[in-house]
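Hi,

Here is the structure I said I would pass on. Have a look at it first, and then read on for what turned up.

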Number of protein chains: 4
Amino acid sequence: MHRIAVIGASGYTGVELLRLLSLHPDTELVCVTSRQYAGQLVSDVFPSLRGIVDLSFEDVDPLALAGRADLVFTAVPHQTAMGMIPALLAVGCRVVDLSADFRISDVEVYEEWYQEHTARELLVEAVYGLPELFREKISEARLIANPGCYPTSVALALAPLLEKGLIDHKTIIVDSKSGTSGAGRAAKVDTLYCEVNEGFKAYSLPRHRHTPEIEQSLTRLAGETVRISFTPHLLPVNRGILSTCYASLTDMMSLAALHEVYLDKYSAENFVRVLPKGKFPNIAQVRGSNYCDIGLSVDERTGRVIVLSAIDNLVKGAAGQAIQNMNLMLTLPENQGLLLPPVFP
Amino acid sequence: MHRIAVIGASGYTGVELLRLLSLHPDTELVCVTSRQYAGQLVSDVFPSLRGIVDLSFEDVDPLALAGRADLVFTAVPHQTAMGMIPALLAVGCRVVDLSADFRISDVEVYEEWYQEHTARELLVEAVYGLPELFREKISEARLIANPGCYPTSVALALAPLLEKGLIDHKTIIVDSKSGTSGAGRAAKVDTLYCEVNEGFKAYSLPRHRHTPEIEQSLTRLAGETVRISFTPHLLPVNRGILSTCYASLTDMMSLAALHEVYLDKYSAENFVRVLPKGKFPNIAQVRGSNYCDIGLSVDERTGRVIVLSAIDNLVKGAAGQAIQNMNLMLTLPENQGLLLPPVFP
Amino acid sequence: MHRIAVIGASGYTGVELLRLLSLHPDTELVCVTSRQYAGQLVSDVFPSLRGIVDLSFEDVDPLALAGRADLVFTAVPHQTAMGMIPALLAVGCRVVDLSADFRISDVEVYEEWYQEHTARELLVEAVYGLPELFREKISEARLIANPGCYPTSVALALAPLLEKGLIDHKTIIVDSKSGTSGAGRAAKVDTLYCEVNEGFKAYSLPRHRHTPEIEQSLTRLAGETVRISFTPHLLPVNRGILSTCYASLTDMMSLAALHEVYLDKYSAENFVRVLPKGKFPNIAQVRGSNYCDIGLSVDERTGRVIVLSAIDNLVKGAAGQAIQNMNLMLTLPENQGLLLPPVFP
Amino acid sequence: MHRIAVIGASGYTGVELLRLLSLHPDTELVCVTSRQYAGQLVSDVFPSLRGIVDLSFEDVDPLALAGRADLVFTAVPHQTAMGMIPALLAVGCRVVDLSADFRISDVEVYEEWYQEHTARELLVEAVYGLPELFREKISEARLIANPGCYPTSVALALAPLLEKGLIDHKTIIVDSKSGTSGAGRAAKVDTLYCEVNEGFKAYSLPRHRHTPEIEQSLTRLAGETVRISFTPHLLPVNRGILSTCYASLTDMMSLAALHEVYLDKYSAENFVRVLPKGKFPNIAQVRGSNYCDIGLSVDERTGRVIVLSAIDNLVKGAAGQAIQNMNLMLTLPENQGLLLPPVFP
């Protein structure tokens, strides 16, 4: 049994990690931390986990995990993560970091969109943990930068097109819509029930912080610098991201041919489901699961391809992908503990 | 008092017409029809209107409205509308048609996207009733083609840019999201509560029937043929459309300059609210009202402008705009009965 | 024009007062206050009111309203209200207080359920403003205690039975369900979107503070002390209260006879709609309106009557009823500005 | 591997059975039937199951399951079920019936609330499958009547009180609220998204068909005839039932003492979680799981106990309990395949 700790387990990503880890046969949860809820039973803060997680939240120093945990998930805000991860690595823990701190390998780009980076030396070592696209280095990594939810949905949607040079990458527009759990569990007026319910809006225009992370993946896939327009919107649902991605085809292609390209790319993957031609994804059909569903459309009138991808932002967009990375790091089957069917309705 | 009839009043557009007409000081509702509910009290089918609308649904022949109604709203499906409107006009009723039948002036385009047109002779006469953009001919019209909900949101969003030639219209992409009342009140599995709730998906790709209507307006505004990519999505809310419109600027412009263009265009309008720079619309902020809220963003990294517009699909996208047209036809103040503040939360 | 101020206008009750006052023909809004948002445009805090309310929030001392406002709505928390109302009255303003501070006339009961009362001398003068049941003294009052949302729904539901002694009041059980706007607009984890959405729970068991207010009304109607069980629940909707009230009939009665009792009581009322026999209220059918819909059922197997009432907690349960009281105080028609049809869907 | 068939797998209970069976290690799904969708891939009708269930819907005669399936779940409407179950038993299949047809052992009661019973001879043999209360006969049964969703939530809530005679059963009132999946997947106007969303109402007053089933269980537990008032309401959520149960205590008891009674009864159960004193259940905390959460309150002012129970109507209220029964019938661990943590948020 691998010993696992979750640091910052009192947000929505944290509680989802606890749910998924409770189903994992090869791990033992040894420590969950939360400054805010230290000393309280996990099941008092998250009654869904009553009878499932018997621990109390701790407020421990990272150094105290030495010899106690083999692998640590850090589910804390960016900037907080970079403050504790060097110590975790130093005491021999491997780390899957769910913050943004180690996702951008170019420190100048990171500092342009976030703030000063205080653990730059780890940026070279950190591995971007999107297994379907960049699987090779994950298993040996000490530090995984677990991808953002939007970047996961977009990179999986566009990878086959960019790898084969089928689109003009200067024309890429990504219109994404996320469920409200992506906004976190902090008490803010903006995410109160009555502010979100029956509403819909764009936010963070025109510079959402996931833009450079998306562009980094697309650039790596395309082999040249990609710059996109990215507009996130807030959906009145708990979970799910749908990304609608537009691009001009370099040469007109049939839907059938494009569909084949996607099947070639993803048919061996556990967690990417390329839908039949003419079918489009719905976030309701991946809820609670680690799947990414992808649908394709060709707009012959304008020469554009439209790729739609749906994930559960808390699973494939966060906790599920983190466990997928953990499985690779621990040389377990990549899908171990993750073959949960979506919960519909 | 002008005598008003509503044909096909048992859908969501119909009940919204009844709500709004009940607040209108210069009209009297004389007849509401529904084949399905004929003989039943309106207030038994729509309990919200108990004590407000005292009529029963009738199932009358259009000819029977001769001398009984001065103006008729037809809120029936396309194809049904074209079957009854010639008779209504023949007996002297003026008509505001909320179906798609008279929106597309080019009969070939209509027949490509819908079906055969059986009242072609009226296509020349019908006036497209989007007052903010094409107000001039509405007051004299016998027959108004009330715009579709998506086309209203898109034409208002893009008109200032196209009229001034500020964007390359070949780059226009419209990503729209609509509340579920837009899908109608017919009993279908696809719009059951559990199918829609906590879900989100695109639909009708890549050829939604509102595409040619949108293109017709944009072409008229641009003065040359415009062809767009349009993707509608289904939102788990009752009411509201948010359209996110992307286009490349022909010459880079500042947000401030663009904002001025919009203020110039719309500041005298009753129902278009150009939001302050840096603010973006939310469908929750127009719910139940005839407003269209517009927000602007310039993506300097890619040279694109992003225009967001929000309307209530049942009001500015249907019944409210129909009454706005009625007011113009009856030479009443254009905003008569329509100055309802949005209902928030 | 009567000059109106709203103190504490940045909550959901406050914004609803502003919406409804904007539709009122005989009043002018002269001042809206908010400590938190002082100096900001109302329309920046509540974009729904852009173009409708042009004021900025102020942070004024009650004394400063002398000569400026004729009538003041206090929409602040209990305890805060009692701190400012004596001053408002002293400078000649009439007051409709939407807090709980003057609803309970027995100061000992108030202090048992709330905290110390610091304006006891006004408890005798304050008039409980539930017009349909206790209309007589409202018009002369200087200070109206506007009823709570739950108490309004329950008192209207049970009044005809208690006045006629048709039920054994020792058997009354009230199971109420409220939309989330009733929990206010303060930033709290408990009312975040993801905590409320797709959830349902009871709260404040077994001692919700509305219990003594409900019992005070029922006692007054029954002519003897009434004590009930009251359980409130939180509904994942923005607006609406449904109260399901159970009691044993003292003598078995037919549904038809009971229905007559309700029609006798309420048929002359503007805002109470007794539904036809066999129909039951739905909060969706009163949304955004000042109506209270009431339905009746007789359970012959157990000898119980079940009365269901639905209101919009922000309208008949707060701001709408406050304006109804204002109309009576200003000797305007009681329904002035309030005849808004519900917004469905 | 036990071979399993699901008859009537195209409703919400059916798709939930397929989800849960896909997680069960000891069964093989050999046949799923649906008249409506015969010939279509399960994954085309329920895209959530793409890659998980590879079967197509069949339209088979029950007799054709001879030798093909060991155990059959019938998830068809009442009356349809009784038409096919005798044949299924005749060919040697064991049956878990999710309809109401074999839940009421007194045929006269059944026929009063439903319609004529055409398989009366099986009523004696059928075992009511609520394991926590009536576990003993389940393992040997050929035919299990899987309990209704409301009856499960109520019987578990009240069993400890009735078994010990702690309440006056003539005072029992049950106010229940169910998510919309309980209304089924048939296309009806009443369950369209816009009819349910932002609404809340009671229905089937005063004679919902689950009443006699509830009373049968309570009578069995109490040892004398119990008659209750039961009011179901429709919640705007996909999943979940919360039942609020009221009764007068025969002798006043402390909350602590009552809490002990519940712990005694349920602490050995896998799927009943008695919450700590002062905590109350929320349907969000059992979503997607087989748990029933129970909370207690004592209203000292009126001498009543209030018991609240929450289940997922599709899991503990239907498919999960059916699999729990299956496990007992197949002498597998009762919790096999069912230890899924709730999905929150």
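Before the pairs, the cut-off: a salt bridge here is a side-chain nitrogen of Lys or Arg within 4 Å of a carboxyl oxygen of Asp or Glu. Keep in mind as well that this is a predicted model.

With that cut-off, Glu136(B) and Arg220(B) qualify as a salt bridge, since their closest N and O atoms are 3.6 Å apart. Glu136(B) sits in the loop between helix H5 (131-134) and strand E7 (143-145) of chain B, while Arg220(B) belongs to helix H8 of chain B, so this pair ties together parts that are 84 residues apart in sequence. Arg220(B) counts as partly exposed, at 45% relative accessibility.

Over all chains, the structure holds 88 salt bridges. Another one inside chain B joins the side chains of Asp70(B) and Arg3(B), at 2.7 Å from N to O. Asp70(B) is in the loop between strand E3 (57-58) and strand E4 (71-74) of chain B, and Arg3(B) is in strand E1 (residues 2-7) of chain B, so the parts tied together here are 67 residues apart in sequence. Both ends count as partly exposed: Asp70(B) has 29% relative accessibility and Arg3(B) has 27%.

Over in chain A, Glu16(A), Arg19(A), Arg239(A) and Asp312(A) are linked in a network of salt bridges.

Now for the chain B and chain A interface. How much area do chain B and chain A bury between them? The figure is about 4000 Å², with 54% of it on carbon and sulfur atoms. On the chain B side, Glu198(B), Phe200(B) and Arg301(B) lose the most area to chain A, and together they make up 19% of what that side buries. The contact draws 50 residues from chain B and 50 residues from chain A.

Four salt bridges are found across this interface. In the one between Glu215(B) and Arg301(A), the side chains meet at 2.5 Å, N to O. There are also 30 residue pairs in polar contact across the interface of chain B and chain A, both residues being at pLDDT 80 or more.

Several elements of chain B each supply at least two residues to the side that touches chain A, among them helix H7 (193-196), helix H8 (210-222), strand E13 (292-299) and strand E14 (304-311). The largest share of that side comes from E8(B), with seven residues. By type, the residues of the side of chain B that touches chain A divide into 24 nonpolar, 12 polar and 14 charged.

Chain B also pairs with chain D. Arg185(B) and Glu195(D) form a salt bridge through their side chains, at 3.0 Å from N to O. This pair crosses between chains, running from Arg185(B) in the loop between E8 and H7 of chain B to Glu195(D) in helix H7 (residues 193-196) of chain D. Are the two ends buried or exposed? Arg185(B) is buried, with a relative accessible area of 12%, and Glu195(D) counts as buried at 14% relative accessibility.

Last, the symmetry. Chain D superposes on chain B by a rotation of 180° with 0.0 Å of shift along its axis, at an RMSD of 0.0 Å. That is the relation of a two-fold axis. The same surface serves both copies, as 100% of the contact residues of chain D recur in chain B.

Cheers

Key. Residues numbered from 1 in each chain as written. Chains lettered and ligands numbered in written order. Predicted model: local features only at pLDDT ≥ 70, side-chain atom pairs only at ≥ 80, totals over all residues. Heavy atoms only, no water. Least-squares fit on C-alpha atoms with pLDDT ≥ 70 in both. Contact = heavy atoms within 4.5 Å. Buried area = accessible area lost by both parts, 1.4 Å probe. Polar contact = N/O pair within 3.5 Å; in protein donor to acceptor, adjacent residues only side chain to side chain. Helix = DSSP H or I, 4+ residues; strand = E, 2+ residues; numbered from the N terminus. Nonpolar A, V, L, I, M, F, W, Y, C, P; charged D, E, K, R; others polar. Buried < 20%, exposed > 50% of the residue type's maximum accessible area, 1.4 Å probe, protein only.
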